[in-house]
Amino acid sequence: MRALRVGVIGQGRSGRNIHCEFLKQIPEKFQIAAVCDLLQDRCERAAQEYSCPVFQDYREMLNNKDLKLDFVLNASFSHMHVPITKEIMEAGFHVLCEKPLARTAEQVRDLIATSKRTGRILAIYQQSRFAPYYRQVCKVIASGVLGDIRMVKCAFNGFSRRYDWQTLQKYNAGNLFNTGPHPMDQVLGLIGRDIMPNVWCKMDVVNSVGDAEDFCKIILSYPGRPVIDLEICSNSNYNPYTYQVYGTYGSLMGNMNHIDWKYYIPAEAPEIKMQEEPLPGPSYCSDKLVFHEESWDVPEEDKDLFNSMAGRFYQNLYDVLTTGAALTVTPEQVCQQIAVMEECHRQNPLPRKF
């Protein structure tokens with residue numbers, strides 16, 4: 001086992017607080033070998049924290065062969081993800097790009113083509129695929145105890161009045177691009193990553209100071225697949241669930257820490273027959289089903305959600321770069337995600353004010 005040398009572009013919340021702060025916990029696998037940021041004070045801070053060379057121009061870092069980088073992390077501004085990611089691969093490096101990867105599916109297809117032409121790996125930081133609660137929801141669905149799944153509701157809601165650059169359309173911002181890649185990646189796994197679903201979306205600006213949406217309601221559908229009801233809203237004080245699943249034998253509801261599900265077993269259910277005549281007396285249908293109830297609590301080792309997801313994602317990336325393993329989250333799957341988001345924005349052309 002050797003430590004992979006990482007060049008990091010960006011020292012904002014994502015580049016520093018999410019990635020570097022995690023990577024420095026596992027020096028046996030990853031070494032922060034160089035850092036780049038436009039702001040001098042961030043470069044100075046990185047030099048002290050990670051004891052590595054720092055640059056204000058990422059091209060200087062890419063052209064410095066002495067760094068011997070194994071891959072480059074692109075945690076730049078969202079609207080710069082596409083051009084910088086392409087430059088990284090053109091310079092001969094594997095790349096891990098933060099979400100959102102792009103604004104359009106065509107941009108993603110171009111990056112995939114660049115990856116194939118250069119032979120460089122294109123990875124996207126969609127770590128929520130590894131979230132313990134999502135894996136548990138998938139496990140319950142796959143077990144079949146809920147029967148055929150007809151609808152899945154997912155809510156990544158809260159209440160906030162945001163006023164930073166990630167509220168501006170010109171920076172590829174808004175709830176769908178900022179938070180949306182996490183639940184969108186998850187729910188596409190539930191309706192199917194092999195199709196382009198039908199999309200209905202309503203967006204609005206409610207509390208944001210910027211001009212990008214902070215209210216987003218999405219309905220995804222496809223023949224023979226469960227309906228997906230997704231919310232990413234910043235005007236909800238009450239958030240009783242992250243997931244609700246509606247099956248033919250039962251249902252599930254839960255959040256990121258606790259999940260309950262209840263179902264009946266068809267072999268145990270009494271037979272019922274259609275009766276067209278009025279039921280006798282002041283009566284109503286009576287069905288004596290025995291429901292089985294189960295629950296899940298997030299394991300102690302997964303209670304730190306960010307580290308849990310990051311650990312599994314980076315382990316997969318390490319295996320990809322050292323043993324030739326396959327990416328769990330592929331660029332083609334992210335292309336489907338961006339295509340859905342692109343359609344959501346097409347249906348909701350909000351006025352640009354900045």
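**A strand at the edge**

Visitor: Where is V54 found?

Guide: V54 is found in strand β3, where strands (E, at least two residues) and helices (H or I, at least four) are DSSP runs numbered from the N terminus. This is a predicted model, in which local features need pLDDT of at least 70 and side-chain atom pairs count only at pLDDT 80 or more, while totals for chains, interfaces and linings use all residues. Residues are numbered from 1 along each chain as its sequence is written, and side-chain values use heavy atoms, with hydrogens and water left out.

Visitor: What's the order of the strands in the open sheet?

Guide: Six strands form the open sheet in the order β3-β2-β1-β4-β5-β6, with parallel pairing; two strands pair if DSSP finds at least two bridges between them. Because β3 (54-55) and β6 (122-124) stand at the edges with a single partner strand each, one side of each is left without a neighbour in the sheet.

Visitor: How many bridges join β1 and β4?

Guide: Strand β1 (residues 4-9) pairs with strand β4 (residues 71-74) in the parallel sense over four bridges, and V6 stands opposite F71 in β4.

Visitor: Which strands does helix α4 lie across?

Guide: Helix α4 (residues 81-90) lies across β1, β4, β5 (94-97) and β6, and runs at about 160 degrees to β5. Axes here are lines fitted to C-alpha atoms, for helices over the stretch in contact, and angles run from 0 to 180 degrees between N-to-C directions.

Visitor: Switching topic, what about R59?

Guide: R59 lies in helix α3 (residues 58-63) and is partly exposed, with a relative accessible area of 42%. The C-alpha atoms of R59 and A269, 210 residues apart along the chain, are separated by 67 Å.

Visitor: And the protein as a whole?

Guide: The protein has 10 helices and 14 strands, and its C-alpha trace spans about 85 × 50 × 40 Å along the principal axes. Of the 354 residues, 50% are buried.

Methods: Contact means heavy atoms within 4.5 Å. Buried means under 20% relative accessible area, exposed over 50%, partly exposed in between (1.4 Å probe, protein chains only).
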